[in-house]
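Reader: I would like a close look at a single part of this model, with the cut-offs spelled out.

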Amino acid sequence: MGTPLTESSLKRAIMKRLAREPRWYGFSVHAAGASLNGLPDIVGCMSYSGWGRFIAIEVKTPKGRLSKIQGFRLARFREVGALVVVARSVRDVEEALGL
């Protein structure tokens, strides 16, 4: 049996995949020292036909749930035009970002 999937291992795998995408620029929020509760795990910008789009990615294991504050913050990002992804796999991110 393999190693159980953790949010931190999934986040690392997602960041590794995004690093291969030349149209992506972003970072892990918590690694950058942000301390505001409910912020997404990964934020960045991706170029689509020359226009940048703000991306907010919350990483969850298959059984993980959003907290109330996470849901609120993601909803606000979505309301102002961000592409919001709740990622339970690298594939979720690839599909949402059109990779």
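Which residue of β3 is the bridge partner of S47? Please go on from there to the strands and the core around them.

Author: This is a predicted model, in which local features need pLDDT of at least 70 and side-chain atom pairs count only at pLDDT 80 or more, while totals for chains, interfaces and linings use all residues. Residues are numbered from 1 along each chain as its sequence is written, and side-chain values use heavy atoms, without hydrogens and water.

The bridge partner of S47 in β3 is G52. Helices (H or I, at least four residues) and strands (E, at least two) are DSSP runs numbered from the N terminus; two strands pair if DSSP finds at least two bridges between them. Strand β2 (residues 42-48) and strand β3 (residues 51-59) run antiparallel and are joined by 7 bridges. Their hairpin has 2 residues between the strands, and S49 takes a positive phi near 50 degrees there. Strand β2 also pairs with β1 (residues 24-28), in the antiparallel sense over 5 bridges. In that pairing, W24 stands opposite M46.

Both W24 and M46 are in contact (heavy atoms within 4.5 Å) with L97. Leaving aside neighbours within four places in sequence, L97 also contacts L18, R23, Y48, I55, L83 and V85.

L97 belongs to the largest nonpolar core, which has 14 residues. Such a core is a set of buried (under 20% relative accessible area, 1.4 Å probe, protein chains only) Ala, Val, Leu, Ile, Met, Phe, Trp, Tyr and Cys residues joined through side-chain atoms within 4.5 Å. I14, L18, I57, V93 and L97 have the most contacts inside this core. The elements giving two or more residues to this core are α1 (7-19), β2, β3, β4 (83-87) and α3 (90-97).

How values were computed. Buried < 20%, exposed > 50% of the residue type's maximum accessible area, 1.4 Å probe, protein only.
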